[in-house]
Amino acid sequence: MSQNHPGKRIADSIVVMSHQMLPEDANPYGSVHGGVILKHIDTTGGVAAMRHARTNVVTASIDRVDFLKPVRVGDLAIFTARLEYAGRTSMDVSVSVIGEDLITGRTQHCAQAMLTYVALDRDGHPIPVPPLLLETDEERQRSEAAAARRKRSAEDKKATRQRG
């Protein structure tokens, strides 16, 4: 932890955004188009990263998105983002999506995603982010898992570049 960047708790950057899904969000099957869900995932994750870094951020990668159940038109989609890992200039953020039927109150876990954001200065150059203060065993385990995922992802990218 440096003097310029004291650590920040995960709880301080958690973001919850809710959106009612409307007919213009639909695909031909009556559920919400995956691209609409992805846009809200990216927005929610970006806000969590900005809360942590307190500067502009850009999406560096979407490492994984799992669409588990459909979100239906008329449902409330609830997007929850939390930091999992903070590197030198980048942050890994997980986003979960819950769909709520506003008539019955029934909820279901509809999607899960992991994204990486990079903090930028006013000139668009990467800048350091505060470290995460990991307060619970669960937070430590999730951060260790994110670090291992990052390492595998970097190895995969290097192998892809070499294949060219």
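User: Buried means under 20% relative accessible area, and exposed means over 50%. By that rule, are E84 and R82 buried or exposed?

Analyst: Both are buried. This is a predicted model, so keep that in mind throughout. For E84 the relative accessibility is 3%, which is why it counts as buried.

User: What do the side chains of E84 and R82 form?

Analyst: They meet in a salt bridge, 3.3 Å from N to O. E84 has another partner: its side chain also meets that of R142 in a salt bridge, at 2.6 Å, N to O.

User: Where do R142 and E84 sit?

Analyst: R142 is in helix 2 and E84 is in strand 4, so the pair ties together parts 58 residues apart in sequence. R142 is partly exposed, because its relative accessible area is 29%.

User: Which residues make up the salt-bridge network?

Analyst: R82, E84, E138 and R142 are linked in it.

User: And how many salt bridges does the structure hold?

Analyst: The structure holds 8. One of the pairs is E135 with R9, at 3.7 Å, N to O. That pair links distant parts of the chain, 126 residues apart. E135 is in the loop between strand 7 (132-133) and helix 2, while R9 is in strand 1 (residues 8-9).

User: How accessible are E135 and R9?

Analyst: E135 has 43% relative accessibility, so it counts as partly exposed. R9 is at 32%, so it too counts as partly exposed.

User: How many bridges join strand 4 to strand 5?

Analyst: There are 10, and the two strands run antiparallel. They form a hairpin, with 3 residues between the strands. T80 stands opposite S96 in strand 5.

User: What about the pairing of strand 2 with strand 4?

Analyst: That pairing is antiparallel too, over 6 bridges. S18 has I78 in strand 4 as its bridge partner.

User: How much of strand 4 is buried?

Analyst: 9 of its 11 residues are buried, so strand 4 is largely enclosed by the rest of the structure.

User: On to the core. Which residues have the most contacts inside the largest nonpolar core?

Analyst: I37, I41, M91 and V93. The core has 29 residues. Helix 1, strand 4, strand 5 and strand 6 each give two or more residues to it. In general, nonpolar side chains tend to be buried together in soluble globular proteins.

User: What does I41 touch?

Analyst: Leaving out residues up to four places away in sequence, I41 touches F79, V95, V97, A113, L115 and Y117.

User: Back to helix 1. Which of its residues are buried?

Analyst: Among them are V36, I37, H40, I41, T44 and A48. G45, G46, A49, H52 and A53 are buried as well.

User: How far does helix 1 reach?

Analyst: It reaches 28 Å from its first C-alpha to its last, close to the 28 Å expected for 20 residues at 1.5 Å a residue. Just after the helix, R54 takes a positive phi of about 55°.

User: Last one, Y29. Buried or exposed?

Analyst: Y29 is exposed, with a relative accessible area of 70%. It lies in the loop between strand 2 and helix 1. Its C-alpha is 9.4 Å from that of R72, 43 residues apart along the chain.

Terms used
Residues are numbered from 1 along each chain as its sequence is written. This is a predicted model: local features need pLDDT of at least 70, side-chain atom pairs count only at pLDDT 80 or more; totals for chains, interfaces and linings use all residues. Side-chain values use heavy atoms; hydrogens and water are left out. A nonpolar core is a set of buried Ala, Val, Leu, Ile, Met, Phe, Trp, Tyr and Cys residues joined through side-chain atoms within 4.5 Å. Buried means under 20% relative accessible area, exposed over 50%, partly exposed in between (1.4 Å probe, protein chains only). Helices (H or I, at least four residues) and strands (E, at least two) are DSSP runs, numbered from the N terminus. Contact means heavy atoms within 4.5 Å. Two strands pair if DSSP finds at least two bridges between them. The expected span of a helix is 1.5 Å times one less than its number of residues. A salt bridge is a side-chain nitrogen of Lys or Arg within 4 Å of a carboxyl oxygen of Asp or Glu.
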